[in-house]
Amino acid sequence: MAKEIHGMGHSMKRKEDARFLQGKGKYIDDIKLPGMLYLDIVRSPYAHAKIKNIDASKAMAIPGVLAVITGKDLDKYGLAWMPTLMSDKQMVLPIDTVKYQSQEVAGVIAAERYIAADGAAAVEVEYDPLPVVVDPFKALEPDATKVRDDKPSNHIWHWETGDKAATDLAFRNAEVVVKENIYIPRIHVCSIETCGCVASWDSVEGKLTMYMTTQAPHAIRTVIALVAGHLGLSEERIQVISPDIGGGFGGKVPVYPGYVIAIAASVLIGKPVKWIEDRMENIQADSFARDYHITAEIAAKKDGTMQALRFKTVADHGYTDAAANPSKFPAGLFSVCTGSYNFQNAFVEVDGVYTNKPPGGIAYRCSFRVTEAVHAIEQITDVLAHELKMDPAELRSKNFIKPEQFPYKSVLGWEYDSGNYQGALDLAMNMIGYRELRKEQAEKRARGELMGIGISSFTEIVGAGPSKHFDILGIKMFDSAEIRIHPTGKAIARFGTKSQGQGHETTYAQIVAEELGIPAEDIQVEEGDTDTAPYGLGTYASRSTPTAGAAAAVAARKIREKARKIAAYLLEVSEEDLEWKDYKFQVKGVPGKEKTMQEVAFAAYTNHPPGMEAGLEAVNYYDPPNLTFPFGSYICVVDIDKGTGEVKVRRFVAVDDCGNRINPMIVEGQIHGGLTMGLAPALYEGIFYDEQGNIQGGSFMDYMLPTAVETPKWETGETCTPSPHHPFGAKGVGESATVGAPAAIVNAVVDALWHLGVRRIDIPITPWKVWQILNDKGVAG
Amino acid sequence: MHIEVTVNGTKHAADVEPRLLLVHFLREVLNLTGTHIGCDTTSCGACSIVLNGRAIKSCTLLAVQANGGDILTVEGLAVGGKLHALQEGFHEQHGLQCGFCTPGMMMTAYAFLKGNPKPTEDEIRWGISGNLCRCTGYVNIVKAIQYAAEKTGTE
């Protein structure tokens, strides 16, 4: 029996599962090379201190310890500092000062993993503590402790967009203004696999092979060539291999000091060096997400018409701006904050600030600060609804951008590709039984019970991006696909992206299958090896389907055009007489006169038309004409325990619209996971610091990831509004739920408590926080 | 110290440092890298294996403590090339994404189902609450374990 094609829209079971299910995945720590050494890292107990002395003698006396590398050692090679993606600079190892707790201070190289750890524990560092600044608002005060000696102040940059004068005028003339300070705390992606690498320098060939947990292997290769080119590392002799990745979520985009120390050690010693961070290092020192202090305001008419939006934001970046944003966007795509609503005026400003905390500013499963934007607009929208005594669903409906307004030019300059916001909200309301829930809530409130309903009708902006605006270190944010059809009609497809669980080996194969009529099962997908894959910018910001997925379709269509010529030659008809139908070339009006892609592929190598090149392959570097704008409406129902303050998510309905779905099973899985990573910061996760800069929540003992018990039984729904500019109408979905979910949960909690005079609760909404409020209001059970 | 353990039906003897963690013994001495490490605090469960019929976190046991023990790891789940019902369930129900937590999750579920062959959904959720997954939101993991329970029950 012929194999199924399993093209677009099939919930094909995943091709990559087999190895993961049998313990045969190849993750970074599974890589073992002959003679491999281990790196462990000495870290600072202080958030700000001068390093007076590093004494490595006791460490070096341990048998098996081969070297202790300090910032002074690296400085000799010009490697003590490295540039960040945001044109700032970051220490690989400090020469004289540490700037945050858990910062790398020295690297210990040893023959065995445990001995490297022994060595790290034996390195004696003498510190002279310096004053610490943790609060970004205090950091902006004129007499604040300066975090960076090389900068005039702790103020990094000011970024703004929109018409300030017109927006201010709209606020002055408004009938109603609502305003709230919303803090979105630091969180950490905590992929279950931490970060690591094996750096292997071959001094004979002058080649570096870098196995590395990276979401963007090609960009990393170029960065290594740029940073270490002066030491003889040349891009054609740098191979970055991103093996199976145990979750990324943005945390595996940056270049961490450990990677660079491992490279330096391998080059200096001439042996492979493995570095695998442990969980505490991962949480305490790797890039954080969020940490935005937003003052959000809406100006509206009394009838609920939203007129103007104003956001003023302080962004805490830690000691350097190492955010993972496209170069021209210091605050990412935060200006999508007008959301799903038809605002006439808006003004948004963000100030970046240095503090004595680890650097970061990565995604946590979201496209460049979009969660921050959505969280604020969706919360302040609910405040407006409460203030006007309007139903939050009705207020949203009144202000939604209407389907006929698309493509819609937002007041802050984005062109939304397509949308039907009311459709998604209607479906969510029907699925959850919204009207009945409101009745139940009124009855419960009369009895003194606390129940809340929260809505979030979010619009995302993903798929970065068009080369006119989007680059990373100057490299345009296209992505790529290269497809080669073998004589027997099977294929290999290679990409510039890198799956970290998204299922690319399956979905990319399905895209090619749909375009070429080759069963997805017969298409091998490869990513993550810079020696073989075409150049691309990697997987993050929900960009794989909008960019590399599009490239796959375009490359496949190029192949189909050549295949059509071959088919016409084989069938002895003109190309115009052929139609592509049921995954075959068929002669119009002559049933049965046809050629399959497999027959054509064989001919491409055995019997190709005279004058035509042999072979059947194509490559495409896809530069998207626009971003894509997935959206959805989420409704959450919570019950609050008056005795404990616990928020229990009773139901959560998520209606997502990501355009056409390649593999609905995988899409739903992405949404489930995204929702759970939306629940997490809303109720559980947060990284805070005391006044001395000591981290609170630096291990899994006190940074709580939701388990299966806390996680609700997610209910999902779908509407489909294809992207008009994407080759097969898809938009990207990996992050939508993480972006949209937190606001729905917060809005539900505030909705449960508004009648008690509660307007806002910052996340994470812990039982203790809620209980204190209930106690203050005199209603704690 | 000299230890002898049976892993996936094969006897192994080795001289190990007293401080060697069981997970490192499995991964680095026996090269069974299907068992993963996700934290240092017995929190995430990526290193879960079955020791003498019980699911344990192998990052918090010394190899010497497993001396004389009978260990099952993910590499031992499939028998004669035929996937275990749990492996089949995870595949059929899309119970895995990045795959990193998957071996530990399946081993925990393996021991759990031995003790509770017909669990309710809530019992499954509590049963795997010592194992963290960051990708799936657990929905399909629960379904995968239900699939295995049903399949095992009917065989």
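Analyst: Two strands pair if DSSP finds at least two bridges between them. Helices (H or I, at least four residues) and strands (E, at least two) are DSSP runs, numbered from the N terminus. This is a predicted model, where local features need pLDDT of at least 70, side-chain atom pairs count only at pLDDT 80 or more, and totals for chains, interfaces and linings use all residues. Residues are numbered from 1 along each chain as its sequence is written, while chains are lettered from A and ligands numbered from 1 in the order in which they are written.

The sheet lies in chain A. Four strands form an open sheet in the order 22-32-33-36, with mixed pairing. Strand 22 (450-459) and strand 36 (715-718) of chain A each have a single partner strand, so they stand at the edges with one side lacking a neighbour in the sheet. On average, neighbouring strands are turned by 15 degrees against each other, direction ignored.

Strand 32 (residues 631-640) and strand 33 (residues 647-657) of chain A run antiparallel, joined over 10 bridges. Within strand 33 of chain A, V653(A) is the residue opposite I635(A).

Next, the helices. Helix 12 (residues 421-432) of chain A packs on the sheet and touches strands 22, 32, 33 and 36 of chain A. Here contact means C-beta atoms, placed from the backbone, within 7 Å. The direction of helix 12 makes about 30 degrees with that of strand 32 of chain A. Helix 17 (residues 664-683) of chain A also packs on the sheet, touching strand 33 and strand 36 of chain A. Its direction makes about 140 degrees with that of strand 33 of chain A. Axes are lines fitted to C-alpha atoms, for helices over the stretch in contact, and angles run from 0 to 180 degrees between N-to-C directions.

How values were computed. Contact = placed C-beta atoms within 7 Å.
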